[in-house]
Amino acid sequence: MLRRPRRNRKSLVIRNLVEETQLSVQHLIFPIFIIEGDNQRKEVASMSGIYRYSIDLLLEEVAACQELGIRTFAPFPALTDDKKDPLAQEGHNPDGLFPTAIRRIKEVFPDVCLMTDIAMDPYSSDGHDGLVRDGEILNDETLEILGKMALAQAEAGTDMLGPSDMMDGRIGYLRKLLDEHGFTNVSIMAYTAKYASAFYGPFRDALDSAPKSGDKKTYQMNPANAREALMEAQLDYEEGADMLMVKPALPYLDIVQSLKAQFPIPIAAYQVSGEYAMIKAAAANGWLDGKKTMEESLLSIRRAGADIILTYFAKEYAQWLKL
Ligand code: PBG
């Protein structure tokens, strides 16, 4: 045999020498959940190791993560039902939980990068990402609400907006609005190819944000479609997105790979709550090695072409690297 591929695997040094993909904490974004109150820390039942924090404890958590090298966070607010209404008005209340949390984090940690979510669902009594009228999820009427939310977050000091609702035209609308208000430096990471996925279940538990009726299939993408993601990416690119995201991650690596090949801006992948929960549950049962599976899943997402990974494993992975 002239070709013996095993020669390049014969020692750890050689394996490291020829390693094609690098994964490090600098590429990770840590999603974190925020609740009202003081001194509150509540575990999400379906996501062991992931907690919802009141702002005071959230600041301690951000400090601890920063020590581990995590510099970018994607906070999400979990609101009580009395703060939700059909117009998601709490989303643009400057003194509401979310803008307050953004302001506090940026005051205490000016160097931390925040990527903040733009969608109605955490604030909507309908549990949908858009305005609901007669059972229909409205597109253009929702944009104005998203705009108010975006300005409230920009004023609070966010670094990057993550419009996550799969409404049409939102990137162009928000880019123009931000620029008109002097926020030319606020970035936009488009949730470009966000699929109508069953893997979001634990996240909706964390925020209590499941739709009250119907599903999200008229706005989130059909898991069967790949070419459609190219059109979504083309639109987001032309509308001014700084980065494109694919979500979920592991079941959609083909999409990550094709966006990476076709668009000259950074590509992110969101390893979602259900992907995390599956690995944690199997590990808790002793059916999988949790640490190795975590690392392999993150590495695979990088190998497919993700520059950035949003993952609930960010802290655990960073802790593991320090061992
Ligand atoms: C909603 C939003 C969702 C997630 C992030 N933003 C859920 C949904 O569309 O219902 C899911 C994240 C996860 O599952 O980890 N705008």
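The structure described here is a predicted model. The phi angle of D208 is near 50°, a positive value in a residue other than glycine. In general, most residues other than glycine have a negative phi. With a relative accessibility of 44%, D208 counts as partly exposed.

The loop between helix 6 (201-207) and helix 7 (227-238) also holds K216. K216 counts as buried, because its relative accessibility is 5% and the limit for a buried residue is under 20%. Leaving out residues up to four places away in sequence, K216 touches D121, G127, H128, D129, R204 and P211.

A positive phi is found at D134 as well, with a value near 50° in a residue other than glycine. D134 is placed in the loop between strand 6 (132-133) and strand 7 (136-137). Its relative accessible area is 80%, so D134 is exposed.

Apart from residues up to four places away in sequence, the contacts of T192 are M166, A229, E232, A233, D236, L244, M245 and L259. R52, in strand 3 (residues 51-54), has a relative accessibility of 18% and counts as buried. Although R52 and I35 are 17 residues apart along the chain, their C-alpha atoms are separated by 6.0 Å. When neighbours within four places in sequence are set aside, R52 is in contact with F33, I35, Q40, R41, K42, E43, V44, A78, D205 and A206.

Helix 11 (residues 314-322) contains the buried residues A314, K315, E316, Y317 and A318. The buried residues of this helix pack against strand 1 (28-35), helix 2 (55-67), helix 9 (273-284), helix 10 (290-304) and strand 12 (308-311).

A further backbone feature concerns a peptide bond. K247 and P248 are joined by a cis peptide bond, with omega about -10°. In general, most peptide bonds are trans. P248 is located in the loop between strand 10 (243-247) and helix 8 (253-262).

Notes: Residues are numbered from 1 along each chain as its sequence is written. This is a predicted model: local features need pLDDT of at least 70, side-chain atom pairs count only at pLDDT 80 or more; totals for chains, interfaces and linings use all residues. Side-chain values use heavy atoms; hydrogens and water are left out. Contact means heavy atoms within 4.5 Å. Helices (H or I, at least four residues) and strands (E, at least two) are DSSP runs, numbered from the N terminus. Buried means under 20% relative accessible area, exposed over 50%, partly exposed in between (1.4 Å probe, protein chains only).
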